[in-house]
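Hello,

Here is the structure for you to look over. My notes on chain B follow below.

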Amino acid sequence: MLDQVIFYTFAAIAVISAILTVTRRNVVHSAIFLITALLATAGIFLQLRAEFLFIVQIILYVGGIMVLFVFVIMLVNLDEAVRQMRFARQKWVSLLVSLALAAQVGLMFWSSRKMPGQGMPKFVAAPVDKLPANSEAVAQSLFQTYLLPFEIASVLLLVAMIGAVVMAKKRT
Amino acid sequence: MQGVIQATMDFVKQYWAPLVCSLAIVAILPLVAGYIVLVERKIMADMQARLGPMRVGPHGLLQPIADAVKLLIKEDIIPDEADKLVFWLAPVLSVAAALLAMAGLAIGPAFQIAKDINIGILFVVGVSALGIFGIVLGGWASNSHYSLIGALRSSAQLVSYETAAGMALVCGLLFAGSLNITSIVQAQYDQGIWFGLLAPVAFFTYLVASIAETNRAPFDLPEAESELVAGYMTEFSGFRWSLYFLAEYTNMIVVASVATTLFLGGWLRPFPRTTWLNFLDFLPPLAMIGVAAYCFMRTPKQPARVQQMFMLAVAGLCLAVALVLAAPLVVPAVKPFHDGILGAFWFILKVSLYIYFFMWLRFTLPRYRFDQLMRLGWHFLIPLSIINVLVIGIAMIVGQYFNLTGGALLLTTIPASIIALIVALFILASEQKSEPQKASAAPDSYA
């Protein structure tokens with residue numbers, strides 16, 4: 001029961017702040033609501049006993065990427081951005097996409113309705129004693145089971161990083 | 001509804017001890033922070049051959065309480081052009097992140113709020129890094145140039161030094177083989193050596209980076225009063241300002257605790273496995289009795305009667321602490337709590353020494369210029385920490401090959417650390433050679 005309450009609280013926070021992120025006029029307010037949405041998602045991870053994912057979400061997204069976002073937002077001229085009209089071109093496309101997404105989610109709920117014993121999906125926390133230690137499990141799958149894909153992905157990221165540095169560097 | 005109440009009651013029943021602990025931390029920490037400020041002022045006065053605060057209470061011992069009352073009854077000013085909501089939110093965010101990080105720390109084996117969490121030290125580091133939003137948003141919301149520049153500096157500085165600090169932590173974690181705080185300290189007990197000695201370069205990197213992360217002098221550029229009034233705190237006053245202050249001092253305690261846990265043996269006494277040094281267990285109560293005796297001696301010299309009474313009260317408090325510390329050594333019934341009580345003493349002692357070192361640096365070194373700070377971070381500390389992780393890893397593999405454990409690992413890690421230091425210095429020197437005038441002449445966009 002408490003699990004349900006916690007889940008729906010976090011989920012509501014995540015959804016509401018995600019909506020607020022795209023509707024606020026002020027960019028800094030948007031950033032704050034994006035941080036809230038990310039933190040609420042981290043909370044859901046924690047509730048699912050995925051504590052490593054929880055802390056990675058906080059360190060990388062909230063503590064790393066969002067700090068850079070806010071940093072850049074403060075460097076740009078906010079007044080200019082506020083005056084400009086937004087949602088100018090993608091109105092119909094985005095409506096279409098969100099309708100399709102809503103249809104998919106609705107279909108999921110509709111089909112799960114007929115399954116025995118459950119109308120709504122039940123959100124129960126994972127049993128804590130049956131899981132292996134979280135960070136160890138992540139390390140096992142990253143560095144043993146999927147070592148090659150992981151290394152390829154990291155090389156890709158490195159290339160992207162070097163490319164960004166080269167493009168940003170002033171030619172003298 | 002019934003179910004929710006029932007579940008909440010069960011929750012409280014199961015977790016009453018951590019709940020009480022966290023309440024205690026939230027209640028006590030402002031007082032502790034206040035007294036750290038007093039100690040800082042006293043040390044500063046001592047180093048500058050002054051007396052420091054002397055008026056409120058004997059030797060200024062009640063100064064923090066007077067300061068707190070002053071801050072609480074000050075007028076609360078919000079600038080007209082400020083973003084009210086964010087202005088309100090920012091200091092709260094700062095202090096909440098700092099207090100939340102305290103939950104993951106272990107003050108001795110017995111006192112830990114979130115017991116044995118698998119991600120232990122990552123939780124502390126990650127959550128305490130959220131405090132930066134308090135600074136950045138506060139600086140932005142006050143709608144003032146000084147505040148904004150302070151906030152920008154702060155975020156740039158934190159992002160730069162977070163990398164070095166993280167890499168330094170990785171080095172310690174390599175030796176520990178776990179993120180769990182209890183296992184980290186246990187690993188230091190098993191190997192019989194502090195990881196700070198095994199990886200001195202990592203410890204040094206973390207030390208420097210943690211000073212930069214807590215915005216302490218000589219890296220206190222975000223609040224450089226000679227250039228920016230008070231940096232991001234310029235527009236804040238009264239209670240909001242004191243929240244920022246509380247967050248800053250809590251962060252100091254947090255980084256000191258992380259360094260103590262990972263590099264200085266946590267709650268272990270020095271040389272925990274050397275049996276002939278067991279008499280060190282008697283040191284804590286004896287030290288407290290010594291402090292109490294000193295207070296008794298000073299009592300007749302106090303000018304006012306109230307101050308004499310207060311001095312006696314301090315002496316009594318020290319004696320009480322000494323009794324608590326001596327109890328597990330003398331009373332058999334308290335024996336099971338031996339590690340918990342004495343461990344807390346050693347942990348707090350190490351954290352205090354670390355914070356003392358911070359203060360010592362603050363009163364010794366002049367403030368850096370902002371581009372110098374950035375250069376130190378990016379051109380020296382980050383290469384140093386990355387190379388250090390690399391060579392320490394190699395040193396550990398070599399150590400495993402020769403079956404070296406504990407103190408014997410020093411044979412491989414010390415040369416590795418020296419190599420890392422030399423390579424990093426070489427990189428720094430070559431950077432400076434390639435752009436000799438540019439480094440000093442180039443104006444920095446946010447300096």
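The domain bounds used here come from an automatic or database domain assignment. Chain B is divided into domain 1 (21-73), domain 2 (74-268 + 362-441) and domain 3 (276-361). The C-alpha centres of domain 1 and domain 2 of chain B lie 24 Å apart.

Before the rest, two notes on conventions. This is a predicted model, in which local features need pLDDT of at least 70 and side-chain atom pairs count only at pLDDT 80 or more, while totals for chains, interfaces and linings use all residues. Residues are numbered from 1 along each chain as its sequence is written, and chains are lettered from A and ligands numbered from 1 in the order in which they are written.

Between the two domains, 15 residues of domain 1 of chain B are in contact with 14 residues of domain 2 of chain B (contact: C-beta atoms, placed from the backbone, within 7 Å). On the domain 1 side, α2 (16-47) and α3 (63-72) of chain B each give two or more residues; helices here are DSSP runs of H or I, at least four residues, numbered from the N terminus. The largest share, 11 residues, comes from α2(B).

As for the chain interface, 27 residues of chain B are in contact with 21 residues of chain A. α7(B) gives the most to the side of chain B that touches chain A, with six residues.

Within chain B, 77% of the contacts between residues at least 6 apart in sequence join residues at least 24 apart. The C-alpha trace of chain B spans about 70 × 65 × 65 Å along its principal axes.

Regards
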